[in-house]
Structure formats: C-alpha cells, structure tokens
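Reader: I would like a close look at a single part of this protein. Please keep it brisk.

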Amino acid sequence: MGVRQWWKTLIKGEPLPEGVVLPHRTEEEQGSIDSDSGYEQEGSNETNYPRSRRQHMRVETARDFFGAEIEARYDDLEPAIQEMVKGSYRVELKGQSGGIWTFALGDNVQVENARKEADVVLSGFAAEFVGIVNGDINPQVALMAQKFKITGSVRKALAVQFLLSPSRD
C-alpha cells in the first residue's frame with residue numbers, strides 16, 4: 001500500500017489492512033526533507049502524492065485564492081479526492097488582508113465572503129494561509145505549530161489540504 005492509498009484510507013476512517021504499518025522514514029530518507037518548508041526536495045523517493053494537471057497560480061492574498069484559484073484547483077483534483085472533500089468549510093483569517101470565507105464543495109465550488117455554518121472551520125493568520133496555498137508552508141506543520149486551528153470534522157480538514165496546498169510536482 002503506497003502513501004497515497006494509505007492516506008486515502010486514513011481520511012475515510014477505514015482501518016488499515018492487516019500487516020500494513022504506518023509509514024516511517026529511515027535516517028537516509030530523513031535527509032530528503034527540507035527542514036524549512038517540510039516539503040520533499042528533488043530526488044526524493046516519495047512519488048505517491050496527488051498530481052495536478054497544471055501549474056498552480058501563486059497568490060498574493062487570500063482574496064486572490066478564493067476569487068479564482070480555489071475553483072481551478074478543485075477542477076484539477078482527481079474524482080476520488082473530490083468525493084472526499086465534498087462539504088462546507090469556513091476559513092477565518094486574521095491580520096492584514098484577512099477575512100472570513102465560507103465555501104461549499106460538491107458538483108462545483110461556491111464561495112461566499114461571509115460567516116456561514118460549515119462542517120469544518122479553519123482559523124489562523126492570513127500570512128500563513130497564503131504560505132500554505134502557495135506551497136511555502138506545509139499545512140500539517142502549520143497545524144502542529146498551532147498556527148492554524150481546526151474545528152469540526154478532522155477527517156474533512158485533512159482531506160481539504162489536497163485543495164489548499166499545491167501539488168508536489
């Protein structure tokens with residue numbers, strides 16, 4: 001079972017097949033991770049991340065992301081991942097160029113610049129959010145460093161990182 005299949009199983013809440021252990025890295029593999037961003041450096045053996053069909057646009061503000069980029073990234077997701085991320089999300093951002101956006105993912109993407117009920121609420125600072133959507137900050141590292149907070153379905157929050165973070169091509 002590759003990392004990608006393992007991750008999908010985890011997000012769906014299904015038990016791992018018998019004999020499958022959680023992935024870990026050897027000391028040699030540890031050296032292939034960039035300590036600043038948490039992303040893998042070129043030449044790494046990990047290749048099981050979802051792939052995008054296009055180069056993702058870098059954004060300057062969260063408003064730019066919710067204006068057009070979110071819809072393009074959703075269209076680029078594989079159908080199985082689109083199915084996993086279906087639901088409603090609210091992003092509450094503090095700081096310069098912050099704001100509140102609620103978006104619903106289903107057959108299409110609906111974004112509102114308003115506080116609405118949502119399955120998942122992500123809250124943090126606008127600068128960190130822009131870093132995540134541009135691929136400069138690993139979303140899991142941001143959560144562990146408490147730069148972002150999640151309220152609601154953790155499973156959906158883990159799945160939506162495929163939409164927020166650019167692919168690792």
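How much space lies in the largest cavity?

Author: About 150 Å³ of space lies in the largest cavity. This is a predicted model, where local features need pLDDT of at least 70, side-chain atom pairs count only at pLDDT 80 or more, and totals for chains, interfaces and linings use all residues. Residues are numbered from 1 along each chain as its sequence is written, and side-chain values use heavy atoms, with hydrogens and water left out.

A cavity here is a set of points, on a 1 Å grid over the protein atoms alone, where a 1.4 Å probe fits but cannot get out. Points are joined across faces, edges and corners, and a volume is the space filled by probe spheres set on them. The count is one cavity of 30 Å³ or more.

Its lining has 13 residues (each with an atom within 4 Å of a point). Nearest the centre lie Leu-122, Ile-132, Pro-139, Leu-143 and Leu-164. H5, helix H6 (139-144), S5 and helix H7 (154-164) each give two or more residues. Helices (H or I, at least four residues) and strands (E, at least two) are DSSP runs, numbered from the N terminus. H7 gives the most, with five residues. The lining divides into 11 nonpolar, two polar and no charged residues. Nonpolar covers Ala, Val, Leu, Ile, Met, Phe, Trp, Tyr, Cys and Pro; charged covers Asp, Glu, Lys and Arg; the others, Gly among them, are polar.

Now the sheet beside H5. Helix H5 (residues 126-134) packs on the sheet and touches S1, strand S4 (120-125) and S5 (heavy atoms within 4.5 Å).

Methods: Axes are lines fitted to C-alpha atoms, for helices over the stretch in contact, and angles run from 0 to 180 degrees between N-to-C directions. On a 1 Å grid over the protein atoms alone, a cavity is a set of points where a 1.4 Å probe fits but cannot get out, and a pocket is an open set with protein on both sides within 12 Å along at least five of seven lines; lining residues have an atom within 4 Å of a point.
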